[in-house]
Amino acid sequence: MLFADTVRNRGLHEKPRIILALFVLSSLLAWWAGGGAAGYAALFPVREAALGLLGDLGLACLLGAAFTANLVLISRFRFRLQVLIVWAELLTLFLLFFLAFDLSFPFILKKLPYLITQGAVTTVYVSAISIAIASVIAIIGAVAKLSSNGFAFAVASFYTSLFRGLPLLVQIYLLYLGLPQLGIYIDAIPAGIIALSLCYGAYMTEVFRAGILSIPAGQWEASRSMGFKFGLTMRRIILPQSVPVIIPPLGNQFIAMLKDSSLVSVLGIWELMFLARTLGNKEFRHLEMLITVAVIYWVLTILFELVQARIEAYFQKHRKR
Amino acid sequence: MDNAQPKAGIIQIRGMNKWYGSFHALKDINLTVRLGERIVVCGPSGSGKSTMIRCINRLEAHQSGSISVDGIELHEDMRQIDVVRQEVGMVFQHFNLFPHLTVLENLTAGPMWVKNTPRTEAEANARTYLKRVNILEQADKYPGQLSGGQQQRVAIARSLCMEPKVLLFDEPTSALDPEMVSEVLDVMTGLARGGMTMICVTHEMGFAKAVADRVVFMDAGQIVEEGAPVEFFGNPRSRRTRDFLSQVLQH
Ligand SMILES: Nc1ncnc2c1ncn2[C@@H]1O[C@H](COP(=O)(O)OP(=O)(O)O)[C@@H](O)[C@H]1O
Ligand SMILES: [Mg+2]
């Protein structure tokens, strides 16, 4: 949290004028949305009785009032309860949105185990290997970019420029279609891992560079004054201290990679996205599979966010010492 | 050159000049320090004191003249810089302890990582030095948990663990709260009495009078005056020295 004040700020939700405006605005929105939305009619059978303009308006006002009351009520709760309620509400709305598609749940349930054991597992392991390789590339890239050696700097900056400059999908195709032209044949999974590692290594080079630069010069001076060589200083003094700085953006990159790994489905790797497409195609149930993998990706992300929060908390605690 | 007789001067600086870009930071510095000598360097802020002692372990490069440490000449292409740096310890104004390592690990890092000392020996040594700086009970804490004075004493012990021939101090008490200055000065005085070769940049004139063999006064990148404390304080030759002394001694 930000640096909190000890005096409570009077929130917008405590100002009657704002509450009134909110009510009017949400009612109008409900009215406007109710004009043609089929979902609205489905949710509220009353409307089918054709209440006329007045009835429509009444209904809209009711919705607006419910929404406003909801906000005002929630604002009175403690922080954690607020978070819980708002999450539950938004999640419900999100699920309602999916329900509107008339999905076949038996089909989803039938395919779900395979999607997880084959698809999600492949996605996670391809991403995990790639992030590990990307980290190694990034450390080397960062050191090279900070180096006074023109050759190292040139190679590293060319690499980051190229791989940050090309769309990942293009990189994947170039690797997979281009290498065989040179007589190099690689399997789909290694090709996917190489593409992801190279691309994310380029992004993460900047993360590591910033992490290394965040360590005060005094640490270098102390190390040097004791006769530590460059590699030793980097390994034992600088990098360990930049880990807390690097972890948050690194977690971000990993989450992004979890989802970008869907691009390697074009190579025929049996990860989540590939399975979703093939399984959906077979029985013309695209939407079911799309929505299912969407939820799986999201759950994976949430799980990883939890792990990341634990890691960050660990380093936070150790930094305070 | 009398490089062949390192005993004459463990540190020899001859006609040394240093520029930062076009700024002439050190002008024709000549200084010889013999083994066991205690030198105090003082002078106004920005006069080049830090720059000069940082040239001695080559944290900074000089552009002309020569510096030799224990017979090894310092220059850009030298191979033995790590040897020189192990022989010349440095204590910084802001301690520069390694915050991710415990006090004990800070002390054993150098011997274990660069001298390949076995852990048990390095730790035993570290504890001896921690005891010498009166801080043995803090061995398992992290630097961030210690007061400034304690951190600086750990930093001194860390340098000592490398068993250097010379110790450089760059204003070791300037970042400390007043009540902590004396605990650090006491440790430094103890070292001086024990025969350690020391070059201390400091404004603690009491310390200079008590332990220094020579006081070096710098101004505007030059060594203006140099002499035994009795002469230096009792009968300063140059006007700049007198002005400076009247300012620092007032406090
Ligand atoms: N890295 C640097 N780049 C440019 N100028 C510097 C640098 N370090 C020190 N200087 C300049 O060199 C002069 C001497 O600095 P310094 O040795 O730190 O003085 P002192 O330690 O006596 O206060 C000052 O004028 C300072 O501004
Ligand atoms: Mg200074």
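Among contacts in chain A between residues at least 6 apart in sequence, what percentage join residues at least 24 apart? The share is 75%, where contact means heavy atoms within 4.5 Å.

This is a predicted model, in which local features need pLDDT of at least 70 and side-chain atom pairs count only at pLDDT 80 or more, while totals for chains, interfaces and linings use all residues. Residues are numbered from 1 along each chain as its sequence is written, chains are lettered from A and ligands numbered from 1 in the order in which they are written, and side-chain values use heavy atoms, without hydrogens and water.

**Select chain A.** Chain A contains 12 helices and 0 strands; both are DSSP runs, helices being H or I of at least four residues and strands E of at least two. The C-alpha trace spans about 85 × 60 × 30 Å along its principal axes. Of the 321 residues in chain A, 36% are buried, that is, under 20% relative accessible area with a 1.4 Å probe, protein chains only.

**Select ligand 1 next.** Its surrounding residues, each with a heavy atom within 4 Å, include Phe23(B), Pro44(B) and Lys49(B). Helix α1 (residues 49–56) of chain B gives the most to this shell, with 3 residues.

**Finally, display distances to ligand 1.** A polar side-chain atom of Tyr20(B) lies 3.3 Å from a nitrogen atom of the ligand.

Conventions. Polar contact = N/O pair within 3.5 Å; in protein donor to acceptor, adjacent residues only side chain to side chain. Buried < 20%, exposed > 50% of the residue type's maximum accessible area, 1.4 Å probe, protein only.
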